[in-house]
Amino acid sequence: MSEKLRVGILGGTGMVGQRFISLLENHPWFEVTTIAASPRSAGKTYQEAIGDRWKMDTPMPEAVKNIIVKNVNEVEQVASEVDFVFSAVDMSKDEIKAIEEAYAKTETPVVSNNSAHRWTPDVPMVVPEINPQHMEVIKYQRERLGTTRGFVAVKPNCSIQSYAPVLTAWKEFEPYEVVVSTYQAISGAGKTFKDWPEMVGNIIPYIGGEEEKSEKEPLRVWGYVDDQKKEIVPATSPVITAQCIRVPVLNGHTASVFVKFKKKPTKEQLIEKLRSYSGVPQELQLPSAPKHFIQYLEEDNRPQVTEDVNYEHGMGVSVGRLREDTVYDWKFVGLSHNTVRGAAGGAVLCAELLKAQGYITKK
């Protein structure tokens with residue numbers, strides 16, 4: 001029997017599900033043993049269910065090709081075969097909430113890429129380098145669900161990864177007002193250029209729900225566990241206003257950011273804080289953790305998607321063009337990989353943290 005934890009992927013046929021499967025190939029701790037998807041894919045091998053829709057730039061791992069896809073709605077059966085699951089299901093918010101809690105109630109931890117539970121007060125929403133202590137709220141969630149090992153944990157929206165870590169590194173200078181514009185890749189909508197030819201040479205100045213997430217989710221990540229209320233209480237500062245734009249790029253969300261600080265840092269101080277920033281994943285040397293979370297690039301024309309999106313295998317954040325501003329104090333450009341750090345990779349790192357903290361164990 002393998003010592004690795006048995007992993008199920010809920011929604012394994014979609015783009016994020018495929019990314020989970022490609023990232024978990026040869027993972028030292030986790031092994032994909034079960035894939036669940038919609039009833040129309042159930043009963044087929046994974047390779048048959050995907051057909052010509054494999055969207056990764058690496059080949060489908062041999063180990064998953066002949067796994068028979070299960071019906072994601074058959075919760076008890078899927079849960080009986082795994083130690084925990086990653087969730088990337090494509091359903092309505094209410095359906096996602098219900099199915100993720102149903103899996104948790106079978107005593108199966110759920111690490112979700114979906115947004116449905118991001119504002120459930122006792123569900124931790126974690127960037128492992130920023131707020132690993134939020135996992136402590138799981139004990140209160142288990143009380144509510146009546147479970148001993150089952151729970152739901154989520155990772156935040158992909159777009160905040162290109163600037164929230166930067167603002168976290170600068171916390172001691174007290175940023176209090178932030179303007180951010182994100183330029184977001186089409187893979188964030190689960191698309192390639194083959195699926196979405198009208199995006200070639202085009203920009204769409206609207207992504208449904210994205211601006212609210214970009215403004216509010218960092219505050220929840222910067223919040224704290226309130227033991228009286230048994231929930232996460234969001235921070236109230238800095239105030240963030242956002243615009244989110246879809247651009248003709250396959251992978252990589254870029255952010256243009258303006259910041260006001262209560263304390264007045266120098267450029268050298270700001271860059272030093274970025275380069276030296278690290279967290280629990282680096283201390284614990286978790287398998288998916290970047291060695292250096294944030295890189296600062298001196299060149300005027302960086303970060304660029306083509307040059308920098310795969311920094312630290314897509315798990316790092318690239319920052320450049322830090323300069324003083326005439327209205328705000330400082331401005332910069334950030335870049336992160338939206339389907340690696342921003343989606344499946346961020347969730348895998350959360351699962352590694354949960355295993356290291358003792359929340360995910362063998363059944």
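Analyst: In the second largest pocket, α12 gives the largest share of the lining, with four residues. Please keep in mind that this is a predicted model.

User: OK, how many residues line the second largest pocket, and which lie nearest its centre?

Analyst: The lining of the second largest pocket has 21 residues, and those nearest the centre are Leu 286, Pro 287, Ser 288, Ala 289 and His 313. Two or more lining residues come from each of α10, which spans 280-284, and α12.

User: What volume does the second largest pocket have, and how does its lining divide by class?

Analyst: Its volume is about 410 Å³, and the lining of the second largest pocket divides into 10 nonpolar, seven polar and four charged residues.

User: And the largest pocket, how much space lies in that one?

Analyst: The largest pocket holds about 1200 Å³ of space. It is lined by 45 residues, of which Val 16, Ala 88, Val 89, Asp 90 and Asn 114 are the closest to the centre. By class, the lining of the largest pocket has 21 polar, 13 nonpolar and 11 charged residues.

User: Which helices supply at least two residues of that lining?

Analyst: For the largest pocket these are α1 (15-23), α5 (93-105), α8 (210-221) and α12 (340-356). α12 also gives residues to the lining of the second largest pocket.

User: What about cavities, how many are there of 30 Å³ or more?

Analyst: The count comes to one cavity of 30 Å³ or more, and the space in the largest cavity is about 30 Å³. Its lining is made up of Val 126, Val 127, Pro 128, Lys 155, Pro 156, Gln 161, Arg 341 and Gly 346, which by class gives four nonpolar, two polar and two charged residues.

User: Back to α1 for a moment: why is it described as largely enclosed by the rest of the structure?

Analyst: Seven of the nine residues of α1 are buried, so the helix is largely enclosed by the rest of the structure. The buried ones are Met 15, Gly 17, Gln 18, Arg 19, Phe 20, Ile 21 and Ser 22, and they pack against β1, β2, α2, α3, β4 and α12.

User: Which residues of α6 are buried, and what covers them?

Analyst: In α6, which covers residues 138-145, the buried residues are Ile 138, Tyr 140, Gln 141, Arg 142 and Leu 145. The elements covering the buried residues of α6 include α5, β6, β8 and α12. After α6 comes Gly 146, with a positive phi near 75 degrees.

User: Switching to the nonpolar cores, which residues have the most contacts inside the largest one?

Analyst: The largest nonpolar core has 53 residues, and Tyr 103, Trp 170 and Phe 332 have the most contacts inside it. Leaving aside neighbours within four places in sequence, Phe 332 is in contact with a set of residues including Tyr 163, Val 166, Trp 170, Val 257, Val 259 and Leu 322. There is also a second, separate core of 43 residues, among them Val 7, Ala 153, Val 340 and Leu 349.

User: I also noticed Gln 184, is it buried or exposed?

Analyst: Gln 184 is buried, because its relative accessible area is 1%, and buried here means under 20%. Gln 184 sits in strand β7, residues 175-184, and its side chain makes a polar contact of 2.7 Å with the side chain of Thr 182. Beyond its neighbours within four places in sequence, Gln 184 has contacts that include Ser 159, Glu 210, Cys 244, Arg 246 and His 253.

Key
Residues numbered from 1 in each chain as written. Predicted model: local features only at pLDDT ≥ 70, side-chain atom pairs only at ≥ 80, totals over all residues. Heavy atoms only, no water. 1 Å grid on protein atoms, 1.4 Å probe; cavity = no way out; pocket = protein on both sides within 12 Å on 5 of 7 lines; lining within 4 Å. Points joined across faces, edges and corners; volume = space filled by probe spheres on them. Nonpolar A, V, L, I, M, F, W, Y, C, P; charged D, E, K, R; others polar. Buried < 20%, exposed > 50% of the residue type's maximum accessible area, 1.4 Å probe, protein only. Polar contact = N/O pair within 3.5 Å; in protein donor to acceptor, adjacent residues only side chain to side chain. Contact = heavy atoms within 4.5 Å. Core = buried A, V, L, I, M, F, W, Y, C linked by side-chain atoms within 4.5 Å.
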